[in-house]
Amino acid sequence: MRDRAGLPGTIVMAGLAGASIDGIYASIMGMVRGIGVMRVWQGVAGGWIGGAARDGGLTTAALGFATHIGIALVMATVYLLALRRVALLRSWRWPAAVAYGLGLYGAMYLVVLPLRWPGIFPRWDGLFSATDIAAHVGVALAIAAVARRRGE
């Protein structure tokens, strides 16, 4: 039985769940790598405003975090629309979510990041890359879990 809030409500909840998983992961990795949490989100904002993002303080960090949430909402939208149209995704919900997470990682590291930082990406960075893969799968599983809970 589908939730009364319908697809838009499910997209928001699933997107926020995915954004939470990835946001916590990205923030922890920023601390582990010694760049700090604010620089992580300023780096995301840099996709919009370039290097000036580093000098914008909390304003550009907030822009980066808002961008992060927007991207997660798109990820949730794509998953949920596919889930409604492809019966196999409903039958194989959890393996399909893992595959979607791997696809998200591939899109990020083979398309998005190379466009933002050509010459640096794609690359394999050992344990960091393995944890990035796990985080992307975690995002997809969070999206799938919310979708399931809300009757999708």
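User: What do buried and exposed mean here?

Analyst: Buried means under 20% relative accessible area, exposed means over 50%, and partly exposed is what falls in between, with a 1.4 Å probe and protein chains only. This is a predicted model, in which local features need pLDDT of at least 70 and side-chain atom pairs count only at pLDDT 80 or more, while totals for chains, interfaces and linings use all residues. Residues are numbered from 1 along each chain as its sequence is written, and side-chain values use heavy atoms, with hydrogens and water left out.

User: Ok, is Thr-60 buried or exposed?

Analyst: Thr-60 counts as buried, at 8% relative accessibility, and its place is in helix H3, where helices are DSSP runs of H or I with at least four residues, numbered from the N terminus.

User: And what does Thr-60 touch?

Analyst: Not counting residues up to four places away in sequence, Thr-60 touches Trp-41, Gln-42, Ala-45, Ile-49 and Ala-53, contact being heavy atoms within 4.5 Å. A polar atom of the Thr-60 side chain also lies 2.7 Å from the backbone oxygen of Ala-53.

User: Switching to charges, how many salt bridges are there?

Analyst: The count comes to three, taking a salt bridge as a side-chain nitrogen of Lys or Arg within 4 Å of a carboxyl oxygen of Asp or Glu.

User: Which parts of the chain does the Arg-84 and Glu-152 pair tie together?

Analyst: Arg-84 forms a salt bridge with Glu-152, with the closest N and O atoms 2.8 Å apart. Arg-84 lies in helix H3 and Glu-152 in the segment after H6, so this pair ties together parts that are 68 residues apart in sequence. Arg-84 counts as partly exposed at 29% relative accessibility, whereas Glu-152 counts as buried at 6%.

User: What about Arg-33, where is its partner?

Analyst: The side chain of Arg-33 meets that of Asp-125 in a salt bridge at 3.1 Å, N to O. Arg-33 is in the loop between H1 and helix H2 (37-49), and Asp-125 is in the loop between H5 and H6, 92 residues apart. Arg-33 is partly exposed, with a relative accessible area of 39%, and Asp-125 counts as partly exposed at 28% relative accessibility.

User: Now the core: which members touch the most others?

Analyst: The largest nonpolar core has 19 residues, of which Ala-14, Met-75, Tyr-79, Leu-80, Tyr-100, Leu-104 and Ile-143 touch the most other members. Such a core is a set of buried Ala, Val, Leu, Ile, Met, Phe, Trp, Tyr and Cys residues joined through side-chain atoms within 4.5 Å. The elements that give two or more residues to this core are helix H1 (6-32), helix H3 (57-85), helix H5 (93-116) and helix H6 (127-149), and the largest share, seven residues, comes from H6.

User: What is Tyr-79 in contact with?

Analyst: Leaving aside its neighbours within four places in sequence, Tyr-79 is in contact with Arg-93, Ala-97, Tyr-100, Ile-143, Ala-144 and Ala-147.

Methods: Polar contact = N/O pair within 3.5 Å; in protein donor to acceptor, adjacent residues only side chain to side chain.
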